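Please look over the sequence and the structure before reading on.

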Amino acid sequence: MKIANFGVEEWLNVWENDAIYDIAGSSIASFTLEEIIGIDGTDPKEFYEKMLNFKMNYGWIEGSPEFKQEVSKLYKNMPPENILQTNGATGANLLAIYSLVEPGDHVIAMHPSYQQLFDIPRSLGAEVTLWEIYEENDWMPDIAELKSIIRPNTKMICLNNANNPTGTVLDDTMLKEIVAIASEVGAYILVDEVYKPLDPTVHVSSIVDLYDKGIATNSLSKTFSVPGVRVGWTASNREVADLFRKYRDYTMICAGVIDDYIAVHTLKNKEAVLKRNREIVFENLAIVKEWVENEPRVSLVFPKAVSTSFIKLDIPIDVEEFCIDLLKTKGVLLVPGNRFDIPKHARLGYCAHTETLKKGLAELSAYLRKFDE
Ligand SMILES: Cc1ncc(COP(=O)(O)O)c(C=O)c1O
């Protein structure tokens with residue numbers, strides 16, 4: 001099985017630790033362990049002491065009953081037995097695609113997007129048609145185009161809602177249109193839902209609340225700010241969950257006793273987590289808007305309170321060369337757009353701690369001035 005190099009992850013693996021101002025990320029200002037434990041007033045010492053008595057066996061193989069219960073509450077009608085814990089959303093996407101996609105299948109994937117969603121199907125021998133989104137259309141996909149690329153043998157449509165890197169949000173009207181098209185050929189719709197829009201006026205349903213052959217993947221890494229627990233999940237109908245069970249035994253066994261425990265605590269406190277994150281994202285989005293207005297070399301289709309955005313850079317050099325030099329001279333980390341197959345752009349994650357964002361943007365502007373000379 002051959003697979004392409006993972007552009008974004010490879011970039012972050014090499015450069016992430018050199019950043020002084022990491023404004024490339026897409027997890028909303030990750031919590032310290034103490035912060036997440038204390039979010040509901042729990043005394044961290046009591047929490048640790050409880051953990052000392054944990055038996056370090058495999059724990060609950062599919063995720064603890066409490067975990068499944070908490071996750072099922074995120075959906076309208078998703079029984080806990082249809083939820084399977086995974087190693088992050090990456091594990092969830094892999095599980096879903098690996099279980100369902102076979103050589104010769106046709107798969108449609110939104111693009112640009114998270115690379116797993118098109119390169120894992122390709123690696124399994126599927127023929128992948130990219131459903132392109134364009135900046136000229138505010139990074140929104142075109143339903144007419146989907147109609148023209150769907151085939152009788154389309155097995156799966158892979159989406160990322162909201163989308164990394166563009167922040168595109170597919171609302172319910174759009175999702176229902178996609179469901180109507182997929183259901184005509186019986187295609188699954190896999191939606192990676194790690195980026196929940198934090199604007200309370202923007203309601204986006206999970207795909208599993210709209211379509212029986214919908215598969216939702218998600219995790220605690222982005223909107224919930226604890227990527228360090230490495231916990232994600234799949235939610236699907238029962239038949240698909242049973243298929244996943246079979247493949248899952250070969251790929252992970254379980255996520256770990258301590259990770260499950262912290263995941264449950266985070267999910268039980270989701271309202272407090274989301275409130276904190278809403279404040280960060282809204283404050284940061286206002287800062288980014290003002291910065292873009294005053295930065296002649298940058299333009300942006302503004303995302304709707306999603307943690308990632310995709311700035312367009314007016315620069316005379318290759319974007320990766322630009323990002324490396326920016327990091328080396330100013331300590332500012334972005335993800336160059338070529339890592340998403342879109343040069344001249346860069347991913348700006350405006351979900352870092354506000355001070356980091358402010359200083360990072362100031363340094364980025366200072367660096368951009370060298371092209372004015
Ligand atoms: C769309 C998308 N899915 C999944 C992931 C990885 O999620 P996790 O940390 O839960 O494996 C990322 C990380 O950037 C992502 O952008």
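Contact here means heavy atoms within 4.5 Å. The model is predicted, with local features needing pLDDT of at least 70 and side-chain atom pairs counting only at pLDDT 80 or more, while totals for chains, interfaces and linings use all residues. Residues are numbered from 1 along each chain as its sequence is written, and side-chain values use heavy atoms, with hydrogens and water left out.

**Seven-stranded sheet**

- Helices (H or I, at least four residues) and strands (E, at least two) are DSSP runs numbered from the N terminus, and two strands pair if DSSP finds at least two bridges between them.
- Seven strands form an open sheet of mixed pairing, in the order β2-β8-β7-β6-β5-β3-β4, and its edge strands, each pairing on one side only, are β2 (83-87) and β4 (127-132).
- Strand β3 (residues 106-111) runs parallel to β4 and is joined to it by six bridges, with Ala-109 standing opposite Leu-130 in β4.
- Helix α8 (residues 172-185) packs on this sheet, touching β4, β5 (154-160) and β6 (188-192), and its direction makes about 160° with that of β5 (axes are lines fitted to C-alpha atoms, for helices over the stretch in contact, and angles run from 0 to 180 degrees between N-to-C directions).
- Helix α9 (residues 238-251) also packs on the sheet, where it touches β2, β6, β7 (214-219) and β8 (231-235), and its direction makes about 35° with that of β2.

**Four-stranded sheet**

- Four strands form an open antiparallel sheet in the order β9-β10-β13-β12, with β9 (298-299) and β12 (335-336) as the edge strands.
- Two bridges join β9 to the antiparallel strand β10 (residues 308-313), and Val-298 has Leu-313 in β10 as its bridge partner.

**Nonpolar cores**

- A nonpolar core is a set of buried Ala, Val, Leu, Ile, Met, Phe, Trp, Tyr and Cys residues joined through side-chain atoms within 4.5 Å, where buried means under 20% relative accessible area (1.4 Å probe, protein chains only).
- The largest nonpolar core has 96 residues, and those with the most contacts inside it are Ile-178, Ile-189, Ile-311, Phe-322 and Leu-334.
- Helix α11 (residues 270-294) gives the largest share of this core, nine residues.
- This core lies between domain 1 (7-33 + 271-368) and domain 2 (56-269), because both give residues to it; the domain bounds come from an automatic or database domain assignment.

Conventions: Buried means under 20% relative accessible area, exposed over 50%, partly exposed in between (1.4 Å probe, protein chains only).
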